[in-house]
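Good morning. Please look at the structure on the screen while I talk.

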Amino acid sequence: MTVTLWMAVSLNGMSAREDQSEDFLSKTDWEMFLELVRACEGVIWGRVTHQLFEQSVRSHFAELPIIVVTQNSTLSTKPGSIRASSPQEAVALLTRPGSNRILLAGGSQLNAAFAREGLIDEVILAIEPVVVAKGIPMVAPNAPDLRLSLVGVEDSRSPTLRLHYRVLKS
Ligand SMILES: NC(=O)c1ccc[n+]([C@@H]2O[C@H](COP(=O)([O-])OP(=O)(O)OC[C@H]3O[C@@H](n4cnc5c(N)ncnc54)[C@H](OP(=O)(O)O)[C@@H]3O)[C@@H](O)[C@H]2O)c1
């Protein structure tokens, strides 16, 4: 099972502005995200991202398993969305024989938690040609470095670049 971290970011790694707006991202980012969702067993994201994006993702994928990670044991979820209390529990909920890819789709805090637990196997980024000075970084500051090996670069949808990396695990 491969856990793939997906994020659409500015050139300097911002995933949203401080007010959560994503005006500097593009339609291409969204299309790349939907392609990845189609190729995975399910999506894991943090509670903040869940509340922002559940409806729009669900409108494309009625049956998609969505795992929302939260410390709130009373958070209510809609059909098809399941609560998990930790990154490990989230991965376990989607791990089945024959399944191959789980998408970790943010946000910053949950990505950092997955990085701390060594649970990220791949990183796929859509890079937009903009530098956003203030914002929410793709990984919150309380995370270790992730050393990466380049798997592929796609520039056919320029100016958005799609970068694919494998995480080097020691
Ligand atoms: N550009 C992109 O590709 C992209 C993708 C996704 C998100 N985003 C942006 O990222 C922003 C949201 O990121 P964020 O960092 O604020 O929030 P987040 O990571 O989506 O959610 C944070 C919440 O997740 C839960 N959580 C995180 N780590 C946990 C752990 N180890 N155990 C249990 N629960 C845990 C907590 O929920 P509780 O507080 O309920 O306990 C925490 O408050 C939004 O602005 C969104 O637009 C951008």
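I will go through the ligand, then the pockets, then some points on the backbone.

First, the ground rules. This is a predicted model, in which local features need pLDDT of at least 70 and side-chain atom pairs count only at pLDDT 80 or more, while totals for chains, interfaces and linings use all residues. Residues are numbered from 1 along each chain as its sequence is written, and side-chain values use heavy atoms, with hydrogens and water left out.

Now the ligand. It is surrounded by 27 residues, and the closest are A8, E22, T49, T70 and Q109.

For E22, a side-chain N or O atom is 2.7 Å from an oxygen atom of the ligand. For T70, a side-chain N or O atom is 2.6 Å from a ligand oxygen. Q109 uses a backbone N or O atom instead, 2.8 Å from an oxygen atom of the ligand.

On its own the ligand exposes 930 Å², and the protein buries 87% of that. Those areas come from the Shrake-Rupley method with a 1.4 Å probe; for residues, only the protein chains shown count as cover.

Two or more residues of the shell come from each of β1 (2–10), β2 (14–16), α2 (47–60) and α4 (108–116). α2 gives the most, with five residues. These elements are DSSP runs numbered from the N terminus: helices are H or I with at least four residues, strands are E with at least two.

Next, the pockets. A pocket is found on a 1 Å grid over the protein atoms alone, as an open set of points where a 1.4 Å probe fits, with protein on both sides within 12 Å along at least five of seven lines; lining residues have an atom within 4 Å of a point. The ligand sits in the largest pocket, where sitting means that more than half of its atoms lie within 2 Å of the grid points.

How much space lies in the largest pocket? About 970 Å³, a volume being the space filled by probe spheres set on the points, which are joined across faces, edges and corners. The largest pocket is lined by 37 residues, and V48, T49, G106, G107 and S108 are the closest to its centre. The second largest pocket has a volume of about 160 Å³. Its lining includes L5, A115 and D145.

Last, the backbone. The peptide bond from G106 to G107 is cis, with omega near -5°, and G107 lies in the loop between β6 (101–104) and α4. S158 and P159 are also joined by a cis peptide bond, with omega about 15°. P159 is in the loop between β9 (148–154) and β10 (161–167). Finally, Q20 is not a glycine, yet its phi is positive, about 75°; Q20 is in the loop between β2 and α1.

Technical notes: A residue is near a molecule or strand if one of its heavy atoms lies within 4 Å of it. A polar contact is a pair of N or O atoms within 3.5 Å; within protein, one must be able to donate a hydrogen and the other to accept it, and residues adjacent in sequence count only if both atoms are side-chain atoms.
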